[in-house]
Amino acid sequence: MNFQKMILTLQQFWADQNCIIVNPYDTEKGAGTMNPMTFLRSLGPEPWKVAYVEPSRRPSDGRYGENPNRLYQHHQFQVIIKPSPDNIQELYLDSLKALGVDALHHDIRFVEDNWENPSLGCAGLGWEVWLDGMEITQFTYFQQVGGIETNPVAVEITYGMERLASYIQEKENVFDLEWVNGIAYGDVFHQPEVEHSKYTFEVSDVKMLFTLFNMYEQEANKAMEQHLVFPAYDYVLKCSHTFNLLDARGAISVTERTGYITRVRNLARQVAATYLEEREKLGFPLCKKGDVEHV
Amino acid sequence: MSKDLLFEIGLEEVPARFLRAAMQQLKDRVVKWLEQSRLSHGDVHAYATPRRLVVRVESLAEKQDDVEEEVKGPSRKIALDESGAWSKAALGFARGQGVDPEQFTFKELNGVDYIYVTKSSVGVETSSLLAEGLLNILSSMTFPKNMRWGAYDYKFVRPIRWLVALFGSEIIEMEVTDVKAGNVTRGHRFLGTEVVISDPASYVETLREQHVIVDVQERKAMIEQQIQALADEKQWKIAVKEDLLEEVLFLVETPTVLFGTFDPSFLNIPQEVLITSMREHQRYFPVLDDQGKLLPFFVTVRNGDATSLDVIAKGNEKVLRARLSDAKFFYDEDQKLQIKDALSKLETIVFHEELGTIGDKVRRIRRIADQVGQALHISGNQVESVSRAADICKFDLVTQMVYEFPELQGVMGEDYARKAGENEDVAKAIFEHYQPRSASDDAPSSIVGAIISMADKMDTIVGCFSIGIIPTGSQDPYALRRQAQGIVQIMIAHQLPLTLSQLFDIALDVHEELRDMKRTKSEISKDLVEFFGLRVKKVLSENVRYDVVDAVIQAGFDDVVSVVARGDALMQAVNSSTDDFKTTVESFNRVSNLAAKAGNAEVSEQLLQEEAEKALYTAWRAVQQPYHTALSEREAPKALALLAQLKEEITQFFDAVMVMAEDDNIRKNRLALLASLDQDLKQFADFNKLVW
């Protein structure tokens, strides 16, 4: 199954489970969890079901397109369902079947992995799912988001698309994966990998990035003062990505590191708290809709 | 009349590391509740797999035991009014106990008559108690980490997905988080189906048919047998580490052992790295040859049957290839790193906010190590090796390999240092300075390693104590106890001529010189003495009885080697001889008891009058010199033998001499004689602490 078919299959599968399918968010981020469709929407009492592909940037994982497994940017397929359904593990295993993974001919296991994202004040309990020893999915019940206890609890399923594809397509090198017939993953992403790695490690302007970090932080605060949650959160994401660029460049010492992470976390916490307030003012509109069957 | 009870909690995969304790906890809680509920029963069995916690009780009584209990009420005086009728108090008591005053009897207690009633409670039906009892047990279960799920207001280790609760073939009606208890369990996630448990006795077999081996011991034995069979077939040694086996055991419901292979070219990487990568990342068992050399194979355990093992092996090989490629990449990259560049990076790694960077720590280790070396009069070559090893002992902390596998600290340092041309003593000391890594680990074998190890540990302990981080109760986040114990262990292993106070002073001076200390040296020193006292005691207790430990500790533990030698010698004396040594000790104790009355310990030879006191004095003076020499040379058995020689003279002294003489000076002199003898005894042990 080619990469594109995998995405379409998962989209169809989760759409059939009543998830809304949205498109990737347009601000740089390190993981699908940071998309406001997850980070903000998993807060509060409103039911929420969503699925999307998220291209995720990890500047320090850039390897100039030379490493067969590590990438500056990889793809996550993200599913969020709140409250977590009672049969969520079975649904997930069905989604693997839809991708052609027959459990009887493989070794599939749920191995404890407690997920934390300290810079966003998030914590959850769950597993990494192993397919014949390879971690293909992160499966998490959110317990805390933006420093706030979740209630009800959302479940997050994050498929690592490249890993899953390299298994399904039996490829050793990520750049050899078939995106669609005749177009390889490398045809689409190799050049950006090389260029982003070079930019990240050799070219980026450290002084400018520090300035940008401060500017983004100020702007986030300014938006927060006006209770403009979504614009404020965009700037939190920008802070986070700028921090990642600085970190990959080796520009942040271990001591300073904690300080920057704390700054991002404080912003994220404020945004989370304000989001809840604003939703409450609106009367938590999605609560009234209940669980509507989509057509 | 009895029936079996079955309670199965069906869960999403529980973390492997919690399962054994959780299984035991469930069993304990059930047994305790049955006892409190006066429900007699037969054997209780507990089972656990990743998806279930189970308890099965054989022959559980269908009714509670009947009981009779006697309840005491008010005294006769209060219970009867003037007319002899029951008072309000008595009637109230009757009401409270739910009995008729007719049933009152009087009984005397301490000369006063009181009302008593005998109440008998007839046991109720077990079936009426089970639902509430089991629900309470469920909600009282504790785990290292709990979670919430869905929209339920409930916490458990992982979401509860089904419950089987059967008393005989009857379903116990109960419900939690919308899960209703029933008689339907779930088999293996992929190989099994849902299945009805007709009665508790058939549980284990029914699940076996569903490809679930619920019995933990049985599952473990299956894995071990399969591994052994594979090892025999291939002539391999498969290194089964107990904690990994334990984890794997709780990751599977049906275990099937399989093996895979990796490219032999990876064997150029140190085998510790390969083994760590296989174990930590993949939970594989490494495969060795007769000589303990790693072979390019791995063994893993699948959760399922033998279908498509080739596919699974191939998948695992692919994953391992990527892992080992990473390891090789790190290994090659790390060797491009110059040690001096690594050292400068240590300046940016914070050891502790108040104690500076690792770079700061290394500078302190260097100074402490140099001075300890001096105190031990090590040779010129060793002096150089100690300094160099101290300087570079932490350089591998900034390597990629140690970043990836923190437990390889020291292992990588040794390997990289040797490759970088450091001398053998230095390279080895980098590995050894983390020893002993656990209570069961060896002390460093080389003196250079021993010195760096003590310096590093002492620096951490003094640093932490200086900022008020002192272990209390279960709180010991920096594992200071283990480190102090490590120091004690090293001193003993190398029989170091070094006292704890020398070591404390060196470390305290270095800290005072290099940083601002909030607490004074004497405050810290006092805490250190107390802290190390307990550690020495613990180490001693491993071989020596507690009263013997107390006795020798009382005579001082500053010289660790000496206190251990004294402890061993005294223990041996207590064990070997019988009455003879006991009377010796009794004679010592008579000396001590009277010595307590002495004003001073200055004996005047002229004032000695009786033969027996002169004899004791002479005998004591004769052994005194050799005794002290033996003590300072830590020849404890010899020192003890010398003391024991005094037994006859002491006994005769007490038989013949009246210590409390009327003459002031003579009495004082006799007491002084005992006091000075006692001072010498107490340098060996406080013999009064011995328990016979």
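This is a predicted model: local features need pLDDT of at least 70, side-chain atom pairs count only at pLDDT 80 or more; totals for chains, interfaces and linings use all residues.

User: How do you know that β13 and strand β15 of chain B are paired?

Analyst: Two bridges join β13(B) to β15(B), residues 285-288, and the two strands run antiparallel. Pairing requires at least two bridges, so the two found here meet the criterion. Within this pair, B:Lys237 stands opposite B:Leu288.

User: Why are β13 and β14 of chain B called edge strands?

Analyst: The open sheet has four strands in the order β13-β15-β16-β14 (chain B), with antiparallel pairing. β13 (237-238) and β14 (255-261) of chain B each pair on one side only, and are the edge strands of the sheet.

User: Why does the pair B:Arg148 and A:Glu149 count as a salt bridge?

Analyst: The closest N and O atoms of B:Arg148 and A:Glu149 are 3.6 Å apart. Because the rule asks for a side-chain nitrogen of Lys or Arg within 4 Å of a carboxyl oxygen of Asp or Glu, the pair qualifies. Across the interface of chain A and chain B, the rule finds eight salt bridges.

User: How much area do chain A and chain B bury between them, and which residues of chain A stand out?

Analyst: The two chains bury about 3,800 Å² between them, 47% of it on carbon and sulfur atoms. A:Asp86, A:Arg109 and A:Glu112 supply 15% of the area that chain A buries against chain B, more than any other three residues.

Conventions
Residues are numbered from 1 along each chain as its sequence is written. Chains are lettered from A and ligands numbered from 1 in the order in which they are written. Side-chain values use heavy atoms; hydrogens and water are left out. Buried area is the accessible area (1.4 Å probe) that two parts lose on being put together, summed over both.
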